[in-house]
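These notes are meant for a colleague who is opening the model for the time being without any background. Please keep the sequence and the structure in view while reading the points below.

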Amino acid sequence: RPANADEAGKAAGAVYADRKALRGRINTALDTLKSLAGRTPVDVDQLGGIGFCFGGAVVLDLARSGADVAGVVSFHGNLSTSIPAKAGDV
């Protein structure tokens, strides 16, 4: 875990540099959450994402990936991406 803002910036930069891996991670997290259906009170038809700053950028990439989510909300998230959404995916 980053110990300060400089280390956090470097760690975030490394993740932003590999958007394919970022999308893989967030979609794996979504799949893990969906796997809880039937064992917990998770309504998999009503899942969404919310994030602030780095997390806001991550949920935007979740939406851009075409993930089956009800919606995402980004607060102060980085809007740039090297893999734009395909028409109709968001």
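1. Contact, a word used throughout this note, means heavy atoms within 4.5 Å. The model is a predicted one, in which local features need pLDDT of at least 70 and side-chain atom pairs count only at pLDDT 80 or more, while totals for chains, interfaces and linings use all residues. Residues are numbered from 1 along each chain as its sequence is written, and side-chain values use heavy atoms, with hydrogens and water left out.

2. The secondary structure of the chain comes to three helices and two strands, where helices (H or I, at least four residues) and strands (E, at least two) are DSSP runs, numbered from the N terminus. Along the sequence these elements follow the pattern α-α-β-α-β. The C-alpha atoms fill a box of roughly 40 × 35 × 20 Å, taken along the principal axes. Of the contacts in the chain with a separation of 6 or more, 46% are accounted for by residues 24 or more positions apart.

3. Buried here means under 20% relative accessible area and exposed means over 50%, with partly exposed in between (1.4 Å probe, protein chains only). By that rule, buried residues make up 23% of the 90 residues in the chain.

4. Helix α2, residues 19-34, has 16 residues and reaches 22 Å from its first C-alpha to its last, close to the 22 Å expected at 1.5 Å a residue; the expected span is 1.5 Å times one less than the number of residues. Its buried residues are Arg19, Leu22, Arg23, Ile26 and Leu30. Seen down the axis of α2, these residues fall within an arc of 95 degrees, so they line one face of the helix, the arc being that of the directions from the helix axis to the C-beta atoms. Lys20 and Arg25, on the other side of α2, are exposed, whereas the cover over the buried residues includes α1 (5-16) and α3 (54-64).

5. Which residues make up the largest nonpolar core? There are eight of them: Leu22, Ile26, Leu30, Leu47, Val58, Leu62, Ala67 and Val69. A nonpolar core is a set of buried Ala, Val, Leu, Ile, Met, Phe, Trp, Tyr and Cys residues joined through side-chain atoms within 4.5 Å. The elements that give two or more residues to this core are α2 and α3, and α2 gives the most, with three residues. Val58 touches Leu22 and Ile26, not counting residues up to four places away in sequence. In soluble globular proteins, nonpolar side chains tend to be buried together.

6. Strand β1, residues 48-52, has a covered face formed by Gly49 and Gly51, and an uncovered one formed by Gly48, Ile50 and Phe52. Five bridges join β1 to β2, and the two run parallel; two strands pair if DSSP finds at least two bridges between them. Phe52 stands opposite Phe75 in β2. From β1 the chain crosses through α3 to β2, and this β-α-β crossover is right-handed, a term that applies if, with the strands pointing away from the viewer, the path from the first strand over the helix to the second runs clockwise.

7. Helix α3 is mostly covered, with nine of its eleven residues buried, among them Gly56, Ala57, Val58 and Leu62. What covers the buried residues of α3 includes α1, α2, β1 and β2. Gly66, which follows α3, has a positive phi, near 85 degrees.

8. Arg64 lies in helix α3 and, at 15% relative accessibility, counts as buried. Leaving out residues up to four places away in sequence, Arg64 touches Arg19, Arg23, Leu79, Ser80, Thr81, Ile83, Ala85, Asp89 and Val90. Arg19, in helix α2, counts as buried at 4% relative accessibility. Apart from its neighbours within four places in sequence, Arg19 is in contact with Asp61, Arg64, Ser80, Thr81, Ser82 and Ile83.

9. Is Gly88 buried or exposed? Gly88 counts as exposed because its relative accessibility is 78%, and its place is in the segment after β2 (71-75). Gly88 and Gly66 are 22 residues apart in sequence and 8.4 Å apart in space, C-alpha to C-alpha.
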